[in-house]
Structure formats: structure tokens, C-alpha cells
Amino acid sequence: PPPPLFQEVYFKNLSKQKQKEVMEKNGKNHKLRVCVATCNRADYSKLAPIMFGIKAEPQFFELDVVVLGSHLIDDYGNTYRMIEQDDFDIHTRLHTIVRGEDEAAMVESVGLALVKLPDVLNRLKPDIMIVHGDRFDALALATSAALMNIRILHIEGGEVSGTIDDSIRHAITKLAHYHVCCTRSAEQHLIAMCEDHDRILLAGCPSYDKLLSAKNKDYMSIIRMWLGDDVKTRDYIVALQHPVTTDIKHSIKMFELTLDALISFNKRTLVLFPNVDAGDKEMVRVMRKKGIEHHPNFRAVKHVPFDQFIQLVAHAGCMIGNSSCGVREVGAFGTPVINLGTRQTGRETGENVLHVRDADTQDKILHALQLQFGKQYPCSKIYGDGNAVPRILKFLKSIDLKEPLQKKFCFPPVKDNISQDIDHILETQSALAVDLGGTNLRVAIVSMKGEIVKKYTQLNPKTYEDRLELILRMCVEAASEAVNVNCRILGVGISTGGRVNPREGIVLHSTKLIQEWSSVDLRTPVSDALHLPVWVDNDGNCAALAERKFGHGKGIENFVTLITGTGIGGGIVHQHELIHGSSFCAAELGHIVVSLDGPECLCGSQGCIEAYASGIALQREAKKLHDEDLLLVEGMSMKKEEVVSAAHLIQAAKLGNTKADSILRTAGTALGLGIVNILHTMNPSLVILSGVLASHYVNAVKDVINRQALSSVKTVDVVVSNLADPALLGAASLVLDYTTRRIY
């Protein structure tokens with residue numbers, strides 16, 4: 001019996017009586033008129049087994065064959081002849097390919113097919129059209145049939161390959177009424193795309209019906225015919241590479257490297273010409289430039305009949321390229337395959353496939369050839385068990401033509417579906433912003449325009465349990481209040497000190513300012529409590545996001561934000577996007593070292609910017625002066641219980657205290673040197689100083705840049721942020737940027 005992967009899912013509850021009822025509904029003498037349209041050599045290899053099956057049952061089916069696309073082009077071997085050799089009557093030949101070497105030619109070819117197909121379909125009047133795969137020609141076929149109310153059976157839907165083919169394949173899926181898929185994963189993809197499960201057949205790939213019975217046939221005469229009399233089995237290579245239409249230049253470069261590697265590898269190689277796609281002519285030029293057609297080790301051909309191609313790949317030492325045949329059909333023989341580039345990314349593959357995703361030199365491809373050539377892998381049946389055609393024919397017989405033509409989609413249930421009413425439209429779209437600081441915990445409702453509608457502030461508890469409980473309580477309170485102030489909360493953004501994994505919403509490590517705050521999952525409990533999406537990021541990154549959306553950074557491609565407060569933090573925006581780094585440690589700007597023997601920092605190092613210029617550092621220096629009675633000057637006074645702070649140091653400097661002024665100048669110089677390092681590393685066009693100390697440092701920073709920076713970066717703008725609350729606005733930006741469809 002067939003393995004579970006290819007059990008007849010659709011028919012497990014379909015009795016013979018049911019099939020009889022369908023036949024009676026369609027009319028006792030009515031034969032199902034099936035139009036099979038084939039566009040190229042590849043899709044014919046999948047459609048031919050079905051066509052043979054339909055032709056073998058004339059009591060049930062009438063077959064009309066339409067040929068179009070590259071079948072009719074001499075440069076690609078006039079492959080319509082193999083259809084004639086298989087004894088099929090071709091009803092219509094449509095010349096639909098517009099010659100050209102770019103994407104526009106493909107679009108024009110689709111347009112030409114759309115112009116010509118309606119007349120053909122009007123004459124044929126098929127009950128059902130069978131369309132295969134993901135080529136642009138197939139999209140034209142499906143579009144024409146759908147608009148002319150002709151039922152469509154799509155072969156090989158639901159698969160994933162990683163190029164524009166994916167978009168075309170899924171578009172055909174949405175147009176098709178019935179689906180024949182090859183793998184369990186493809187079936188699940190179709191169901192996830194809201195297709196009706198009752199109209200999906202998991203049959204396997206039709207070409208496997210031929211493949212699995214072909215290997216034992218006489219093959220040496222075929223090998224000698226295409227590669228020469230002196231070639232042995234497992235001692236030659238089959239190469240088949242197509243342009244990637246979403247990145248033509250790169251795919252042509254990879255083809256050049258492939259040919260260079262094959263020349264160096266020095267084995268007899270059969271090279272097939274590429275598909276009709278944007279970039280195909282350039283690939284042929286590359287072949288001719290390298291003399292492939294005249295090289296003693298190479299045989300370059302436009303087309304090989306599928307029966308013979310099967311034998312060639314079944315007994316090859318290796319297949320190389322980016323054809324779907326390599327990752328699908330060749331697995332049936334265990335032949336080693338080298339899959340190049342991204343054209344088949346996402347395809348299910350057997351262990352015989354070695355992927356070379358990117359190659360900048362021929363050495364990587366050459367190394368892959370050395371690893372793969374001559375191996376023999378276990379045969380794979382991922383894509384079929386050899387019984388696809390009987391299942392497909394049974395499926396066709398079960399189609400009830402009296403059923404409504406309009407297809408139905410099986411959408412999953414959607415929670416909290418809000419109907420459009422005037423109150424909903426008039427609500428202000430807003431975010432719930434949370435700022436976890438060293439001292440305070442703040443929650444605010446922030447509108448799309450950056451207006452803080454309502455704000456709540458509490459002291460930040462010292463323990464994890466108390467802190468999380470308070471966050472949840474404040475968020476629930478704010479979300480409830482949002483209704484009263486006519487705000488619709490789109491999500492929750494959380495800004496916190498420490499190193500954060502924003503993808504998972506986890507605080508990895510915290511600063512010493514926030515205790516018991518490492519390895520903390522913030523997203524899950526907040527999302528569970530509020531039933532809203534939650535984003536979490538470092539406070540420095542949030543400040544940069546606030547500037548990008550609401551402040552000086554709006555519209556600026558490359559800029560840096562530094563927060564000068566209790567600590568020193570920041571965020572870097574490069575090419576309009578925030579930089580997180582490989583371990584989410586980017587933009588720890590406060591820990592740039594500016595002196596090897598400077599004061600100790602809270603991070604454990606010495607000489608960090610934060611050890612000089614943070615509020616904690618200034619407070620430390622102010623206490624030293626106060627302990628030595630060198631802080632207070634005329635015009636200053638302090639209460640006995642008053643705690644010495646950075647503000648006292650700044651006040652003393654303003655009133656003429658030279659020692660306090662010297663400390664501030666040193667702090668400003670340290671900050672300036674750190675910024676010079678940033679300029680030399682990232683070369684931003686703008687530096688934004690944020691936080692309570694920003695205005696005290698801006699002139700000192702500009703002076704250091706003028707003295708120390710390279711002339712090419714001295715033109716950078718250094719400004720003080722005009723945002724009143726960058727942490728909360730940044731937390732809100734996490735939500736608002738996403739909900740307005742900005743990539744983040």
C-alpha cells in the first residue's frame with residue numbers, strides 16, 4: 001500500500017456510489033472536456049502523464065491540448081514536437097513569447113497570451129482547464145480561464161521556492177477551483193491560504209509515475225548519444241541553471257562562476273540552455289563567451305526529451321544548477337545535487353541536495369563539486385510514490401459540474417472583530433507606552449501624533465515580582481482609561497534599561513540601576529493580561545525611535561541619539577533602520593572607553609563615557625567636593641538632609657566654582673571624544689543629545705569634534721533633542737511604526 005504521505009485524502013470517504021451520483025448529475029453521456037495547456041518542456045514533463053491517463057479513458061474524458069510559450073521557439077528546441085511524438089493532437093498553437101531580455105518582456109508575454117487565449121477558450125468551451133506550476137505563462141492561462149468562468153485544476157500549488165515564482169504560484173492558487181499538491185507541507189500551505197480542504201488532493205508529483213519505473217531501462221545508448229562514447233556512468237555532470245528574475249545580475253554572475261568551476265573540475269558535462277526568462281539571453285552569451293559550445297568537456301543543448309533526461313540524471317555523477325528538477329525529481333534516484341542560489345529556497349529536499357546559497361568565488365562551487373561528485377544517496381520519495389495519475393483521474397471524475405462555480409474560501413475565525421461604526425472611526429489610534437527607569441515606572445497613552453494623552457507615574461519597585469505586578473496593574477488601568485478619553489490602543493511598547501532581545505520581548509541583562517531584571521520575559525505576561533501585541537526594546541534604542549518618528553531624526557537616513565541622564569545610553573539609526581547588533585548589544589554608547597586609566601564604571605570597566613559624563617558620575621564628583629567643603633560658593637545653600645546631586649555641581653559651576661566647572665568640562669570632553677569615535681565608525685549626518693544634561697554638554701561636544709575629528713566628519717550637526725519625553729515616545733513608536741506598516 002502507498003505510504004501515509006500519499007494516502008488518498010480526498011477520497012477516503014468517497015464511495016463508489018458517490019462517484020456514480022456525480023456522473024449522473026453531470027449527465028450520463030457527458031464526458032468531462034479537459035483542456036491541458038502546456039507552456040514549456042518542464043511543465044510538459046508533469047502534465048504528460050496526466051494527458052496519457054486522460055487519453056486512455058475516452059469513455060470519461062475528451063482531451064484538448066493547447067501549446068504556447070517556449071514550446072514554439074526554435075532557440076529552445078521547438079519542444080512542441082515531443083508532444084506530437086507522444087501522439088497527442090495539438091488543438092491550438094499560440095505564439096505568446098515577446099522576445100526581450102528584461103522583466104518587461106515577461107510582462108508583455110503575459111499580456112499577449114491574455115489577448116489570444118479568450119478566442120481559443122471560447123471555441124473549446126472546456127469543462128475544466130489543467131494548469132501547472134508557477135510560470136508567467138501559467139498565470140495568463142489561469143487568469144483567462146477564471147474570468148471566463150472555466151474551472152481550473154492547479155497542479156503543484158502550495159509549494160515554496162523563494163523567488164517571484166512563489167507569488168505567481170500563490171496567485172494561481174487563488175484563481176484555481178481545485179488543487180493537486182505533491183507533499184503534505186504543500187497541502188497544509190493550501191489550507192493555511194484558506195483553500196477548501198475538500199477541493200485539495202494530495203496525490204504526489206505526476207512525473208514520479210514515470211521516474212520510478214524508468215531507471216532500469218537501457219540507458220548507456222542515451223548517455224553515449226548526448227555525452228560521447230567514452231563516458232561512463234557516474235562520471236559526468238548535468239548542469240541546468242536559470243536566471244533569477246528578482247536578481248538577474250547576481251544570478252548571471254553565479255552562472256559565470258559555475259561554468260568556471262565546471263571547467264576547472266574537468267569532467268564531461270551536459271549543459272542545458274535556460275528557461276525563457278528575463279536574463280536568459282545574457283546567460284547564453286556567458287556560455288558562448290566562455291566557449292562552452294566548443295569545449296571538449298562540454299555538450300550544450302537546448303532540449304533533451306524527458307524520458308532521456310530521466311536516464312541522464314539518474315546515472316550522473318552529479319547535477320548542478322537551480323532547477324526545481326534538481327531538488328524534486330532527481331531525489332528519486334539518489335543522484336547528488338548541488339543547488340545554487342535562492343531560486344529553490346524553501347523547497348523540501350532529500351539528503352542528496354547540497355545548497356550553495358551564495359558564491360562570491362568559483363572555489364565554493366568547486367569545493368561543493370568535490371564533496372558531491374560520484375556519491376550515491378538513498379532514493380527519496382518526498383514528492384511522489386508513482387501513483388499520482390490514478391488519483392488525479394479519480395479526482396477529475398468526482399467533480400460535480402452542477403456545483404456553483406464561485407469558489408469558497410475557508411477563513412479561520414478572527415477574534416474581537418470590530419465592525420466599522422462612527423465611534424470606532426473617530427477614536428484616536430494610540431499606543432500604551434511603558435518606561436522602566438532606574439527610579440520611576442511610567443505608563444502613558446500616546447497618540448499617533450506623539451501627544452501624551454494621559455500619564456501615570458509610580459516608584460519602580462526593587463523586586464521582580466512587585467515590579468511586574470505594578471506594570472500589569474498600571475497598564476490595565478491605563479487601557480481602561482483609554483476608552484474614556486476616546487483612544488483605541490493598538491499595542492503596548494515597553495522601554496527598559498539593559499540589553500533586550502526585541503524579537504522575543506525578553507530583557508537579557510539589566511543595568512545595576514534596575515535590580516532583579518535579567519532573563520525577564522515581558523511580552524508574554526503583558527500580552528496575556530491586555531490581549532494586545534507587545535514590543536520591548538532598550539531605552540536608548542527607544543529614544544532613537546522617538547527622534548526618528550517625532551523629533552530631529554524624522555526623514556534623516558543616518559543619525560545617532562545619545563541619552564545623557566542617570567546613565568549614558570543611545571541608539572543608532574542607519575539607512576532609516578535601527579541597529580540592534582548580532583547579540584542585541586549595539587549602541588551601548590555609554591560604555592565606549594575614552595581613557596584607559598579613568599574612573600571605574602558601573603559596568604566594571606574603567607574610563608567609559610558613563611564614568612565621566614553620567615548623572616551618577618557627576619553626583620560622585622559633587623559629593624567629593626562637598627566632603628572637602630569645595631562645592632558650595634556664594635549664592636548656594638543646602639539643607640542639612642538634602643542629598644548632593646549633579647544639579648548642585650552644575651549650579652556651582654554656573655556661580656563661578658572653578659573646580660566644578662573643570663569637572664563639567666572633563667565630562668563634556670569625554671562625551672565629545674566618544675562621539676568622535678562614533679563619527680569615525682558610523683559617519684552619521686546628525687547627532688542628537690537627549691536627556692537632562694544634554695544642554696550642558698552640547699557646546700563642549702562641538703568643540704571636541706572641531707578639534708579632534710577628521711575634517712570629513714566635522715560638518716555633522718549636533719543638536720539638543722526637543723522632545724519632552726523621548727523614552728515614552730520611543731516606546732510608543734515601537735507600536736505606532738509597526739501598525740502604520742513601517743518595517744521594524
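In the predicted model, Lys397 lies over the face of Phe60, at 4.4 Å from the ring centre; a charge is taken to sit over a ring if NZ of Lys or CZ of Arg is within 6 Å of the ring centre and within 35 degrees of the ring normal. Arg467 is placed likewise over the face of Trp517, at 4.8 Å from the ring centre. The structure is a predicted model, in which local features need pLDDT of at least 70 and side-chain atom pairs count only at pLDDT 80 or more, while totals for chains, interfaces and linings use all residues. Residues are numbered from 1 along each chain as its sequence is written, and side-chain values use heavy atoms, with hydrogens and water left out.

A search of the whole structure finds six aromatic pairs, where rings of Phe, Tyr and Trp (its six-membered ring) pair if their centres lie within 6.5 Å, and planes under 30 degrees apart count as stacked, over 60 as edge-to-face and the rest as tilted. The ring centres of Phe265 and Phe373 are 5.4 Å apart and the planes stand at 75°, so this pair is edge-to-face. Phe265 belongs to helix α10 (residues 248–265) and Phe373 to the loop between α14 (362–372) and α15 (388–397), so that distant parts of the chain, 108 residues apart, are linked. Both Phe265 and Phe373 are buried (under 20% relative accessible area, with exposed over 50% and partly exposed in between; 1.4 Å probe, protein chains only).

The rings of Tyr464 and Trp517 have centres 6.2 Å apart and planes at 45°, so the pair is tilted. Tyr464 lies in helix α17 and Trp517 in the loop between β19 (506–509) and β20 (520–521), 53 residues apart. Tyr464 is partly exposed, at a relative accessible area of 29%, whereas Trp517 counts as buried at 1%.

Helices (H or I, at least four residues) and strands (E, at least two) are DSSP runs numbered from the N terminus. An open sheet of five strands has the order β16-β15-β14-β17-β21, with mixed pairing; two strands pair if DSSP finds at least two bridges between them. The edge strands are β16 (452–459) and β21 (534–538). Strands β14 (residues 428–436) and β15 (residues 440–447) run antiparallel and are joined by seven bridges, with Asp435 partnered by Arg442 in β15.

Helix α17 (residues 464–484) lies across β14, β15, β16 and β17 (487–496), at about 25° to β15. Helix α19 (residues 539–550) packs on the sheet, touching β17 and β21, and its direction makes about 105° with that of β21. Contact means heavy atoms within 4.5 Å; axes are lines fitted to C-alpha atoms, for helices over the stretch in contact, and angles run from 0 to 180 degrees between N-to-C directions.
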